[in-house]
Amino acid sequence: MSSHLEVFTPTGRELVPLAGQRVTLGKASGNDVALEHDATVSRLHAVFENLGAAWSVRDMGSRNGTFLNGEKITAERVLHSGDEVRVGKSRLIFWMVRESRDEETVTAQPVDAPPRLTRREYDVLVVLCRPLVSDDPFPEPASVRAMAGELYVTEAAVKQHLQNLYDKFAIPTEGDRRVRLANEALRRGAVTLAQLRDGAT
């Protein structure tokens, strides 16, 4: 099983493999993940710990805190694939690739197929995820109010569709569920970046 961080920087995104027992993150150049461009990140901001079958993240008493799926963490938290970590103004996504072994080769298992969606659920997903292809370096999924306005439906209707989508994608109840849903929908190919860009033009 291999894990990596997708790190969003002003110049693009970078994949950082997670290896060893711990991976440090901060503004100082000596960190494993050095965010020297972000003045809002502490010199040693957070640490990722290898727990064997999983990884965790822990804040190291940083000035601006560490956020997991939109929620400020106060203790060590175990990470799940697709989780979003924010430190200062920087955004990272944790990915875990499960590997299946046979006698000689190691191959990554295919990504879970997306669940079957109604046309309206698909429309809600597209509107939710569309801000992720904007020029904003730290994009947020669309709010319920923004989605209701774009789809010409009530906020209650959007919330009901979102609840159905949370169930179909098995999104946990803690943290920012819209962030997790958007990341999971993109990971599993329910919507693609190309579709979002086409819809944004």
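Student: Which way do β5 and β6 run, and how many bridges join them?
Tutor: Strand β5 (residues 46-50) and strand β6 (residues 55-59) run antiparallel, joined by five bridges. Strands here are DSSP E runs of at least two residues, helices are H or I runs of at least four, and both are numbered from the N terminus. Two strands pair if DSSP finds at least two bridges between them.

Student: What kind of model is this?
Tutor: The model is predicted, with local features needing pLDDT of at least 70 and side-chain atom pairs pLDDT 80 or more, while totals for chains, interfaces and linings use all residues. Residues are numbered from 1 along each chain as its sequence is written, and side-chain values use heavy atoms, with hydrogens and water left out.

Student: Back to β5 and β6. What do they form, and what sits in the turn?
Tutor: They form a hairpin with four residues between the strands. Gly-52 lies in the turn and has a positive phi of about 95°.

Student: Which residues stand opposite Phe-48 and Glu-49?
Tutor: Phe-48 faces Val-57 in β6. Glu-49 faces Ser-56, also in β6.

Student: Is Glu-49 buried or exposed?
Tutor: Glu-49 counts as buried, because its relative accessibility is 16%. The cut-offs are under 20% relative accessible area for buried, over 50% for exposed and partly exposed in between, using a 1.4 Å probe and protein chains only.

Student: What is Glu-49 in contact with, beyond its sequence neighbours?
Tutor: Leaving out neighbours within four places in sequence, Glu-49 is in contact with Gln-21, Arg-22, Ala-54, Trp-55, Ser-56, Arg-58 and Glu-76. Contact means heavy atoms within 4.5 Å.

Student: Which of its partners makes a salt bridge with Glu-49?
Tutor: Arg-58 does, at 2.6 Å from N to O. A salt bridge needs a side-chain nitrogen of Lys or Arg within 4 Å of a carboxyl oxygen of Asp or Glu. Arg-58 is partly exposed, because its relative accessibility is 28%.

Student: How many salt bridges does that rule give?
Tutor: The count is 14.

Student: What about Arg-91 and Glu-84: how far apart, N to O?
Tutor: Their side chains meet in a salt bridge at 2.5 Å. Arg-91 is buried, at 4% relative accessibility. Glu-84 is buried too, at 3%.

Student: And where do Asp-123 and Arg-120 lie?
Tutor: Both are in helix α1 (residues 119-129), three residues apart, about one turn of the helix. Arg-120 is partly exposed, with a relative accessible area of 31%.

Student: Which residues are joined into one network?
Tutor: Glu-84, Arg-86, Arg-91 and Glu-140 are, through salt bridges that share partners.

Student: Sheets now. What is the strand order in the five-stranded one?
Tutor: The order is β4-β3-β5-β6-β9, in an open sheet with mixed pairing. β4 (33-34) and β9 (77-78) each have a single partner strand, so one side of each lacks a neighbour in the sheet.

Student: How does β9 pair with β6?
Tutor: The two pair in the antiparallel sense over two bridges. Val-57 has Arg-77 in β9 as its bridge partner.

Student: And the order of the six-stranded sheet?
Tutor: That open sheet runs β2-β1-β11-β10-β7-β8, with antiparallel pairing. Its edge strands are β2 (12-18) and β8 (71-72), each pairing on one side only.

Student: How many bridges link β7 and β10?
Tutor: Three bridges, in the antiparallel sense, link β7 (residues 66-68) to β10 (residues 84-87). Phe-67 has Arg-86 in β10 as its bridge partner.

Student: Which strands does helix α4 touch?
Tutor: Helix α4 (residues 177-187) packs on the sheet, touching β10 and β11 (90-97). Its direction makes about 50° with that of β11. Axes are lines fitted to C-alpha atoms, for helices over the stretch in contact, and angles run from 0 to 180 degrees between N-to-C directions.

Student: Last topic. At what angle do α2 and α3 pack?
Tutor: Helix α2 (residues 144-151) and helix α3 (residues 155-168) pack at about 110°, with axes 8 Å apart. They are therefore roughly perpendicular. Angles of 65 to 115 degrees count that way, with under 35 roughly parallel, over 145 roughly antiparallel and the rest oblique.

Student: Which residues meet there?
Tutor: Val-144, Arg-145, Met-147 and Ala-148 in α2 meet Glu-155, Val-158, Lys-159 and Leu-162 in α3. The contact has five nonpolar, no polar and three charged residues. Ala, Val, Leu, Ile, Met, Phe, Trp, Tyr, Cys and Pro count as nonpolar, Asp, Glu, Lys and Arg as charged, and the others, Gly among them, as polar.
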